[in-house]
Number of protein chains: 2
Amino acid sequence: MATKEFLVKVLIEPKPELLDPQGHAVEIAMHELGLETARETRVGKLVKYKVQAASEEEVRKKAIDISNELLVNPIIEIFSIEVETL
Amino acid sequence: MATKEFLVKVLIEPKPELLDPQGHAVEIAMHELGLETARETRVGKLVKYKVQAASEEEVRKKAIDISNELLVNPIIEIFSIEVETL
């Protein structure tokens with residue numbers, strides 16, 4: 001079956017109900033640098049990779065699986081996935 | 001002037017020409033977990049915030065400024081910005 005190449009971005013951040021001291025520190029610095037209205041600042045992780053697959057649906061499903069198995073700690077983190085055809 | 005609320009994501013990753021040992025380790029684990037075609041895996045940082053502004057252009061310009069001033073180390077990192085109207 002013909003496969004295409006995709007770019008996957010997994011965006012991982014602390015759960016909304018948890019404190020994020022690093023995000024808080026960044027937000028204070030942003031305010032001081034003139035971005036006074038910045039709020040709800042969160043600092044998280046980005047995992048980016050290229051992959052071959054038959055369809056975007058397959059890429060997205062595997063990205064969710066790999067996030068749950070390897071990349072994300074579901075006790076303290078949430079994630080979202082962006083897929084782009086190359 | 002009326003302002004709207006925007007969601008900004010700053011995606012930061014190691015420069016392509018630099019080694020990324022963490023990305024390499026993640027890629028090996030992905031291969032072992034069945035995602036055999038994953039390549040060019042990079043691990044980086046995500047900074048996400050909400051902000052008030054008059055236009056998306058203004059949000060994007062300020063996000064680039066704050067990234068260069070505060071969030072990104074241009075010697076070893078590159079970044080991209082995603083803006084969404086809320």
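**Salt bridges and the A–B interface**

Between chain A and chain B, 14 residue pairs sit in polar contact, both residues at pLDDT 80 or more; a polar contact here is a pair of N or O atoms within 3.5 Å, where within protein one must be able to donate a hydrogen and the other to accept it, and residues adjacent in sequence count only if both atoms are side-chain atoms. This is a predicted model, so local features need pLDDT of at least 70 and side-chain atom pairs count only at pLDDT 80 or more, while totals for chains, interfaces and linings use all residues. Residues are numbered from 1 along each chain as its sequence is written, chains are lettered from A and ligands numbered from 1 in the order in which they are written, and side-chain values use heavy atoms, with hydrogens and water left out.

On to the interface itself. Chain A brings 32 residues to the contact and chain B brings 32 (contact means heavy atoms within 4.5 Å). About 3,000 Å² gets buried between the two chains, 61% of it on carbon and sulfur atoms; buried area is the accessible area (1.4 Å probe) that two parts lose on being put together, summed over both.

Strand E2 of chain A pairs with strand E2 (residues 39–53) of chain B in the antiparallel sense, over nine bridges. Strands are DSSP runs of E, at least two residues, and helices are runs of H or I, at least four, numbered from the N terminus; two strands pair if DSSP finds at least two bridges between them. In this pairing A:Lys45 ends up opposite B:Lys45.

Then there are the salt bridges, each a side-chain nitrogen of Lys or Arg within 4 Å of a carboxyl oxygen of Asp or Glu. In another, the closest N and O atoms of A:Glu5 and B:Arg39 are 2.8 Å apart, and the pair runs from strand E1 of chain A to strand E2 of chain B. B:Arg39 is partly exposed at 34% relative accessibility (buried is under 20% relative accessible area, exposed over 50%, partly exposed in between; 1.4 Å probe, protein chains only). A:Glu5 and B:Arg39 also belong to a salt-bridge network with A:Lys50 and B:Glu40.

Other salt bridges stay inside one chain. A:Arg60 and A:Glu56 meet at 3.4 Å, N to O, and they are four residues apart in helix H2 of chain A, about one helical turn. In chain B, B:Lys61 and B:Asp65 come to 2.9 Å, again four residues apart in helix H2 (residues 56–71). B:Lys61 is exposed at 52%, whereas B:Asp65 is partly exposed at 31%.
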